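This report is meant to be read with the sequence and the model side by side. Please have both open before going on.

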Amino acid sequence: MSKIFSAMGRIEDLLIPVDLGDQDDAENPFALPNVSEEWVSSVEGEKDLWRDRVLYPAMRTWISEFSVKEPIIVDVGAGQGRSSTEIDGYGAYIGVEPSSFLVERAIELYAASRRYFVRGSAYRLPLVDGAADGVIAVNVLFHLARLEDAVKEIARVLKPGGKFFINTADNDALEIWKSLYTNLQIDEAKMQGAIRTPVRGLSLNTFYFQPNQYVIDLLDRHGLRVRRIAKSCEKDGHTLFITLEGEKT
Ligand SMILES: C[S@@+](CC[C@H](N)C(=O)[O-])C[C@H]1O[C@@H](n2cnc3c(N)ncnc32)[C@H](O)[C@@H]1O
């Protein structure tokens, strides 16, 4: 890993080794190579739709508003690292992702100076306390069974005053989300099945029910104050996504 320096020192000094538990893979369909592969072609094949029109511009605006120069950005559940190339102006981008297939694909597709892709879980981020000026989590929270553990970790790795950009499923649109799935199995906590995406479907996907206000309150309980809420990706009079931006108090 090349040595780069930030206000905190070398990037290597921000990373800590953390073992992934079996449970992380067991609850994560993206740990299955076929699902990871479907995901990669879905994201890479999506042109001039919600990601290009709404998500990436919103992320670019978010990073342009940092007062610190060259912030350290941690992307939780980074997938194949697409965000690393859609935003700029960071001192370093550290994509944390449990699927080894996706980490390898991120390195293959987007390796560049100031970009780091590491295996790790949202439940135990492989980073020292206060490592990040900014944390991104795009379409990750609704895949997590233990949301509070992940929120605690985001709060831990953010510096005081550090900013977050969280995009997740709009739980006000559950009926619309349900209509995207086939072979749906539902219990109290989650629904699971194959899902249609704009470009290529995923043969397995898990959606944990997390009402919007519950997520906002949970973030707040861990010192992550939401300052801006935006909804996007309209379908049948509802929106599929909610973006929560704010900072660690
Ligand atoms: C829908 S994809 C989004 C990927 C990426 N953020 C993007 O928008 O392109 C969901 C990602 O969350 C990851 N994920 C699932 N469980 C996770 C966990 N416990 N910790 C971190 N990431 C997780 C998956 O491996 C997958 O890469």
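The model is a predicted one, in which local features need pLDDT of at least 70 and side-chain atom pairs count only at pLDDT 80 or more, while totals for chains, interfaces and linings use all residues. Residues are numbered from 1 along each chain as its sequence is written.

Helices (H or I, at least four residues) and strands (E, at least two) are DSSP runs numbered from the N terminus, and two strands are said to pair if DSSP finds at least two bridges between them. On these terms, seven strands form an open sheet with mixed pairing, in the order β5-β4-β3-β6-β7-β12-β11. Its edge strands, each pairing on one side only, are β5 (115-119) and β11 (224-235). Neighbouring strands here are turned by 15° against each other on average, direction ignored; axes are lines fitted to C-alpha atoms, for helices over the stretch in contact, and angles run from 0 to 180 degrees between N-to-C directions.

A second open sheet has three strands in the order β8-β9-β10, with antiparallel pairing.

| Strand pair | Sense | Bridges | Example |
|---|---|---|---|
| β3 (72-76) and β4 | parallel | five | I73 opposite Y93 |
| β4 and β5 | parallel | five | G95 with F117 |
| β6 (132-138) and β7 (158-169) | parallel | six | G134 with K163 |
| β8 and β9 (190-195) | antiparallel | four | Y181 with I195 |

Helix α8 (residues 212-221) lies across β7, β11 and β12 (238-248), and runs at about 155° to β11.

Strand β4 is largely enclosed by the rest of the structure, because six of its six residues are buried. A residue is buried if 20 or more other C-beta atoms lie within 10 Å of its own, exposed if 12 or fewer, and partly exposed in between, with C-beta atoms placed from the backbone. Both faces of β4 are covered, with A92, I94 and V96 buried on one side and Y93, G95 and E97 buried on the other.

The largest nonpolar core has 58 residues, and V74, V76, A132, V135, L141, I154 and V157 have the most contacts inside it; such a core is a set of buried Ala, Val, Leu, Ile, Met, Phe, Trp, Tyr and Cys residues joined through C-beta atoms within 7 Å. Not counting residues up to four places away in sequence, V76 touches V96, A122, L125, V135, I136, A137, V140 and I154.

Around the ligand there are 22 residues, the closest being F30, G77, G79, A122 and V138, where a residue is near if its C-beta atom, placed from the backbone, lies within 6 Å of the molecule.

E86, in helix α4 (residues 83-86), counts as partly exposed because it has 16 C-beta neighbours inside 10 Å. Leaving aside neighbours within four places in sequence, E86 is in contact with Y56 and M59.

Conventions. Two residues are in contact if their C-beta atoms, placed from the backbone, lie within 7 Å.
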